[in-house]
Amino acid sequence: MIAMPGNVRVWLATGYTDMRRGFPSLALQVQEVLHKDPLSGHLFVFRGRRSDLVKAIWHDGQGACLFTKKLERGKFIWPSVAGESVTISPAQLSYLLSGIDWRNPQETQRPTRVG
């Protein structure tokens, strides 16, 4: 993942998004549906209908960035509230992009001995 400044907020666009969209139409969705500024330097993440594909847009101050990730197995865990946005931490985004339930990540029990 590309390193982003520490003050970047991560916004998940709830519901489904047409994954044929590029930066201009996703930025328009950020403005009209989420009521946010797509050029603010924050990261906006969108999920496709099958839940195995996400796109993220980010404006770094110099230009527009569009990132895509498709899971080979499994689905991205997503908030169920449609038509709104949810903010998550960069650490939660890392879980989400790894296919881990970012809402309640569990540490596995470490073995006490090698056997």
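**Helix 1.** I started with helix 1 (residues 23–32), where Phe23, Leu26, Ala27, Gln29 and Val30 are buried; buried means under 20% relative accessible area, exposed over 50% and partly exposed in between, with a 1.4 Å probe and protein chains only. These five cover an arc of only 155 degrees around the axis, which puts them on the same side of helix 1. I took the arc from the directions from the helix axis to the C-beta atoms. An α-helix has 3.6 residues a turn, so residues three or four places apart point the same way. On the face turned away from the buried side I found the exposed residues Pro24 and Glu32. Helices (H or I, at least four residues) and strands (E, at least two) are DSSP runs, numbered from the N terminus.

A note on provenance: this is a predicted model, so I kept local features to pLDDT of at least 70 and side-chain atom pairs to pLDDT 80 or more, while totals for chains, interfaces and linings use all residues. Residues are numbered from 1 along each chain as its sequence is written, and side-chain values use heavy atoms, with hydrogens and water left out.

**What helix 1 packs on.** I looked up the partners of its buried residues: strand 2 (43–47), strand 3 (53–59) and strand 4 (64–70). Contact here means heavy atoms within 4.5 Å.

**Strand 2.** Five of the five residues of strand 2 are buried, so the strand is largely enclosed by the rest of the structure. Leu43, Val45 and Arg47 point one way, and Phe44 and Phe46 the other. Strand 2 pairs with strand 1 in the parallel sense over three bridges; pairing needs at least two DSSP bridges. I noted Phe44 as the bridge partner of Trp11.

**Trp11 again.** The charged end of Lys36 sits over the Trp11 ring, 4.2 Å from its centre. My rule was NZ of Lys or CZ of Arg within 6 Å of the ring centre and within 35 degrees of the ring normal.

**Met19.** I found this residue in the loop between strand 1 and helix 1. Met19 is buried, with a relative accessible area of 15%. Leaving aside neighbours within four places in sequence, Met19 is in contact with Phe46, Arg47, Gly48, Leu53, Val54 and Lys55. Met19 and Lys55 are 36 residues apart in sequence and 7.4 Å apart in space, C-alpha to C-alpha.
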